Amino acid sequence: MSGREPAFVIVTGMSGAGRSTAAKALEDLGWFVIDNLPPGLLFAMAEEAGRVKLAADKVAAVVDVRSLAFTTDLNAAIEELDGRGVAVRVVFLEASDEELVRRFENVRRPHPLQGDGRLVDGIARERGILREVRANADLVIDTSNLNVHELRGKIVAFFGGEDRPGLRVNVLSFGFKYGLPVDADLVVDCRFLPNPHWVPELRPMNGLDTPVREYVLSQPGAKELLDAYEEVIGIISAGYVREGKSYATIAVGCTGGKHRSVAMAEQIAGRLRDRGGMDVQVSHRDVGRE
């Protein structure tokens with residue numbers, strides 16, 4: 001995989017070897033990925049990607065065996081792409097027969113090529129069809145002893161580059177009286193802080209306004225909460241990355257989601273940006289609902 005970065009990556013290999021995991025890892029790295037694409041449509045996809053001006057080195061297709069003509073169709077598609085100046089790289093995912101049998105039995109699904117035969121018959125048939133593709137692949141990954149996180153790590157190592165994104169964090173303020181965000185990974189409760197709602201001159205404002213922010217941050221416990229959560233989030237986010245989690249939502253709540261949670265969410269987001277290694281966004285779900 002050395003040399004110029006590929007313009008078009010084809011992910012293929014044995015059914016059950018981890019093609020979907022590889023595709024999701026590429027998507028998390030910012031690649032445009034289409035799954036289950038027939039080989040005959042590869043060039044059309046490359047043309048469409050160019051038409052909509054997708055990044056030349058961020059397009060991938062996952063293809064699998066659909067017919068006995070698979071190898072011929074795939075080779076023809078690769079030759080056509082090469083002939084048009086598109087750099088193509090083929091990633092082949094492999095696994096032992098024993099491991100593939102175990103995986104199919106765990107999910108209680110038949111092999112796509114076993115027909116009326118046994119599971120091992122389908123695996124043997126697919127392996128025979130893919131023999132030439134495997135031999136000509138640019139990168140072969142044996143996933144027999146890899147879990148999904150380890151496979152994702154290999155894909156990131158090969159295709160992430162130095163500029164691959166870290167954990168993407170959305171810091172979301174909300175009001176408890178409107179319900180917890182269903183996608184929250186961590187919840188910060190700011191209701192122990194005095195409520196600016198009961199300060200007449202602050203009531204019409206929200207946590208984005210300087211007087212409210214200064215009021216909230218000056219309260220006992222506010223700085224200590226920010227310090228503690230910054231440390232906790234740093235520990236947890238490192239674990240998320242190790243486990244292959246790409247997105248996290250930190251929900252910061254107060255009663256109405258207008259004053260305390262907004263001010264504290266902005267502070268948490270700013271601190272996380274300063275730490276680096278994360279793509280941090282902040283949003284305020286319930287501002288304006290009252």
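Trainee: Which residues is L42 in contact with, leaving aside its neighbours within four places in sequence?
Mentor: The model is a predicted one. L42 belongs to the largest nonpolar core, which has 49 residues. Leaving aside neighbours within four places in sequence, L42 is in contact with F8, I10, L37, A61, V63, L74, A77 and L81.

Trainee: Which residues of the largest nonpolar core touch the most other members?
Mentor: In soluble globular proteins, nonpolar side chains tend to be buried together. Another core, of 27 residues, lies apart from the largest one and includes L186 and L225. In the largest core, the residues that touch the most other members are F8, I10 and L42.

Trainee: Is K258 buried or exposed?
Mentor: K258 lies in the loop between β8 and α10. Its side chain reaches the backbone oxygen of R203 at 2.9 Å, and among its contacts beyond four places in sequence are P204, M205, V287 and E290. The relative accessible area of K258 is 17%. Buried means under 20%, so K258 is buried.

Trainee: Which helix gives the most to the lining of the largest pocket?
Mentor: The largest pocket holds about 680 Å³ of space. Its lining has 27 residues, and those closest to the centre are S15, G16, A17, S20 and F104. α1, α4 and α7 each supply at least two lining residues. With 5 residues, the one that gives the most is α4.

Trainee: How many residues in the lining of the largest pocket are nonpolar?
Mentor: By class, the lining has 8 polar and 8 charged residues. The nonpolar residues number 11.

Terms used: Residues are numbered from 1 along each chain as its sequence is written. This is a predicted model: local features need pLDDT of at least 70, side-chain atom pairs count only at pLDDT 80 or more; totals for chains, interfaces and linings use all residues. Side-chain values use heavy atoms; hydrogens and water are left out. On a 1 Å grid over the protein atoms alone, a cavity is a set of points where a 1.4 Å probe fits but cannot get out, and a pocket is an open set with protein on both sides within 12 Å along at least five of seven lines; lining residues have an atom within 4 Å of a point. Grid points are joined across faces, edges and corners, and a volume is the space filled by probe spheres set on the points. Helices (H or I, at least four residues) and strands (E, at least two) are DSSP runs, numbered from the N terminus. Ala, Val, Leu, Ile, Met, Phe, Trp, Tyr, Cys and Pro count as nonpolar, Asp, Glu, Lys and Arg as charged, and the others, Gly among them, as polar. Buried means under 20% relative accessible area, exposed over 50%, partly exposed in between (1.4 Å probe, protein chains only). A polar contact is a pair of N or O atoms within 3.5 Å; within protein, one must be able to donate a hydrogen and the other to accept it, and residues adjacent in sequence count only if both atoms are side-chain atoms. Contact means heavy atoms within 4.5 Å. A nonpolar core is a set of buried Ala, Val, Leu, Ile, Met, Phe, Trp, Tyr and Cys residues joined through side-chain atoms within 4.5 Å.
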